[in-house]
Amino acid sequence: MIASVRGRVAAVSPDGAVIEVGGVGLAVQCSPHTLAELRVGHEARLATSLVVREDSLTLYGFADDEAKQLFELLQTATGVGPRLAQAVLAVHTPEVVRRAIAGNDTSTLTRVPGIGKKGAERLVLELRDKIGALPGDGAALVGVGGGAVWAEQVRQALTGLGWTAGQADQAVAAVAEQLDGGTVPPVPVLLKQAIRMLGTIR
């Protein structure tokens, strides 16, 4: 079990990073929130979860242990694998997910691509008693897919991928113009739109 990695960030892409540890480059799958904190050439520490399959070993990385623990907890629910668990954390912060499960807020959970109403109800049913105590008793926070928060997430991810702050601002503004004022797409979708606008096809 690889619980965490620490080393120089060798590369960052829209869905992962390469961390050099002891001369070995480890490919780590990360959400945009985690990638936004990484800078090529700088040292980073990621909490990690190793998923073993018959034909692959995939290392998932997280900015902190809380996100990693929630990633692993989500996979204890029926029908939830590592990719869907990572998608949940790509759309919402760990606190938002915990509050949604504890408060039976299925509408928040269904904003995640791949989770329908029945899937959200199953998550609540199976995980509500495992989610643990929630910090504070204020109102639930909005997910990173809403309001101006998504713009900052996309901006940070773009600068982490090597674009200048000015280029990131232009791309975010262009993406914002295309939104119709309805439901805001998940951050990974918005990030890909911004990258396309910057002239990079992925």
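Close-up 1. At 37% relative accessibility, Asp 169 counts as partly exposed, a class lying between buried (under 20% relative accessible area) and exposed (over 50%), computed with a 1.4 Å probe on protein chains only. In this predicted model, local features need pLDDT of at least 70 and side-chain atom pairs pLDDT 80 or more, whereas totals for chains, interfaces and linings use all residues. Residues are numbered from 1 along each chain as its sequence is written, and side-chain values use heavy atoms, without hydrogens and water. Asp 169 and Arg 155 meet through their side chains in a salt bridge, 2.5 Å from N to O, the term requiring a side-chain nitrogen of Lys or Arg within 4 Å of a carboxyl oxygen of Asp or Glu. The pair links distant parts of the chain, 14 residues apart, with Arg 155 in helix 7 (residues 149–160) and Asp 169 in helix 8 (residues 165–178); helices are DSSP runs (H or I, at least four residues) numbered from the N terminus.

**Close-up 2. The salt bridge of Glu 66 and Arg 98.** The side chains of Glu 66 and Arg 98 form a salt bridge at 3.9 Å, N to O. This pair joins distant parts of the chain, Glu 66 in helix 2 (residues 65–74) and Arg 98 in helix 4 (residues 94–102), 32 residues apart. Arg 98 counts as buried at 13% relative accessibility, whereas Glu 66, at 37%, is partly exposed.

**Close-up 3. The salt bridge of Glu 95 and Arg 99.** The closest N and O atoms of the Glu 95 and Arg 99 salt bridge are 3.0 Å apart. Because they are four residues apart in helix 4, Glu 95 and Arg 99 are separated by about one helical turn.

Terms used
Helix = DSSP H or I, 4+ residues; strand = E, 2+ residues; numbered from the N terminus.
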